[in-house]
Amino acid sequence: MSEQRLRVDIWSDIACPWCFIGKRRFESALQQLDFADQVDVHWHAFQLDPSLPEHYAGTELQYLSEVKGMPAEQVQGMLEHVTDQAAGEGLSYDFEKLRPANSFNALRLLQFAKQQGQGSAMKEALLSAHFERGLDTGDRETLADLAAAVGLDRSQALDVLETDAHADEVRADIDQARQLGISGVPFFVLEGKYGISGAQPAENFVQALRQVRAEQA
């Protein structure tokens with residue numbers, strides 16, 4: 001008799017600070033479960049801000065205050081808060097170095113990586129590049145370098161980025177999120193029926209996963 005699998009679908013954006021934090025908290029929750037090896041995680045694309053330019057010369061603070069019209073003091077407070085929350089999960093956010101960039105190409109690359117069995121590694125690399133390393137995740141050469149760093153063929157990755165390959169898959173993920181009523185990320189769906197919104201504390205994920213597991217018994 002085969003083991004009962006537990007499916008988790010996660011919608012997130014590589015340009016979403018809470019998505020990286022939520023990823024870490026979810027991973028922490030999995031480490032506390034004795035059935036973690038029976039949990040199948042499926043990542044889905046989402047764009048928090050489709051209006052972002054492919055390249056923006058200023059900082060995140062400048063983009064949110066000057067382009068989005070948010071008060072600079074409010075933005076600064078938000079960035080400091082999320083940086084503190086990230087640090088609590090072992091992440092080193094650097095919003096001074098961060099290069100605001102449209103995430104669509106990075107999400108296309110992630111679809112390519114998933115097909116090559118490197119989705120998780122690519123997801124981690126893209127989030128870290130954006131929030132910790134100050135790399136331009138809107139730049140195709142930079143993205144190709146990141147693909148190579150996780151073991152993908154750089155020239156194949158560049159071919160993907162220089163065409164519109166996997167754009168349909170990204171849009172399909174976004175459309176599915178819309179149909180499910182998902183308007184913010186990260187968003188977690190357990191076994192296709194239980195939704196968890198936001199970067200919840202690890203214990204909340206543990207409780208939810210154990211509850212779903214008990215219902216499977």
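Visitor: Why is Gly 195 called exposed?

Guide: Welcome! What stands above is a predicted model. Exposed is the word for a residue over 50% relative accessible area, and Gly 195 comes to 51%, so Gly 195 counts as exposed. Gly 195 is part of strand β4, residues 194-197.

Visitor: What does Gly 195 touch, apart from residues up to four places away in sequence?

Guide: Contact asks for heavy atoms within 4.5 Å. Gly 195 has such contacts with Phe 187, Phe 188 and Val 189. As for Val 8, 187 residues separate Gly 195 from Val 8 in sequence, while their C-alpha atoms are 9.7 Å apart in space.

Visitor: Why is Glu 191 called partly exposed?

Guide: Partly exposed covers values between the 20% limit for buried and the 50% limit for exposed. Glu 191 has 29% relative accessibility, which means that Glu 191 counts as partly exposed. Glu 191 sits in the loop between β3 and β4, and its phi, near 55°, is positive although Glu 191 is a residue other than glycine.

Visitor: And why is His 166 called buried?

Guide: Buried means under 20%. His 166 is at 14% relative accessibility, so His 166 counts as buried. You will find His 166 in the loop between α7 and α8. His 166 is not a glycine, yet its phi is positive, at about 70°.

Visitor: Where is the peptide bond that is cis, with omega near 5°?

Guide: That bond runs from Val 185 to Pro 186. Pro 186 belongs to the loop between α8 and β3, residues 187-190.

Visitor: What makes Phe 26 and Phe 205 an aromatic pair, and why is the pair called edge-to-face?

Guide: Two rings pair if their centres lie within 6.5 Å, and planes over 60 degrees apart count as edge-to-face. Here the centres are 5.5 Å apart and the planes stand at 90°, so by that rule Phe 26 and Phe 205 form an edge-to-face pair.

Visitor: How many aromatic pairs does the rule give?

Guide: The count comes to 8. Ring pairs also join Phe 20, Tyr 93, Phe 95 and Phe 131 into a cluster.

Visitor: What makes a group of residues a nonpolar core?

Guide: In soluble globular proteins, nonpolar side chains tend to be buried together. The largest core in this model has 44 residues, and those with the most contacts inside it are Tyr 93, Leu 109, Met 122 and Leu 126. Helix α4 gives the largest share of this core, 7 residues. A second, separate core of 19 residues has Ala 29, Phe 205, Leu 209 and Val 212 among its members.

Visitor: Which residues line the largest pocket nearest its centre?

Guide: Ala 15, Pro 17, Leu 48, Glu 60 and Leu 64 lie nearest the centre, out of 23 lining residues. Helices α1 (17-31), α2 (60-67) and α3 (72-87) each give two or more residues to that lining. The pocket's volume is about 380 Å³.

Visitor: How do the lining residues of the largest pocket divide into nonpolar, polar and charged?

Guide: There are 17 nonpolar, 2 polar and 4 charged residues in the lining. Glu counts as charged and Leu as nonpolar. Enjoy exploring the model!

Notes
Residues numbered from 1 in each chain as written. Predicted model: local features only at pLDDT ≥ 70, side-chain atom pairs only at ≥ 80, totals over all residues. Heavy atoms only, no water. 1 Å grid on protein atoms, 1.4 Å probe; cavity = no way out; pocket = protein on both sides within 12 Å on 5 of 7 lines; lining within 4 Å. Points joined across faces, edges and corners; volume = space filled by probe spheres on them. Helix = DSSP H or I, 4+ residues; strand = E, 2+ residues; numbered from the N terminus. Core = buried A, V, L, I, M, F, W, Y, C linked by side-chain atoms within 4.5 Å. Buried < 20%, exposed > 50% of the residue type's maximum accessible area, 1.4 Å probe, protein only. Phe/Tyr/Trp six-rings, centres within 6.5 Å; stacked < 30°, edge-to-face > 60°.
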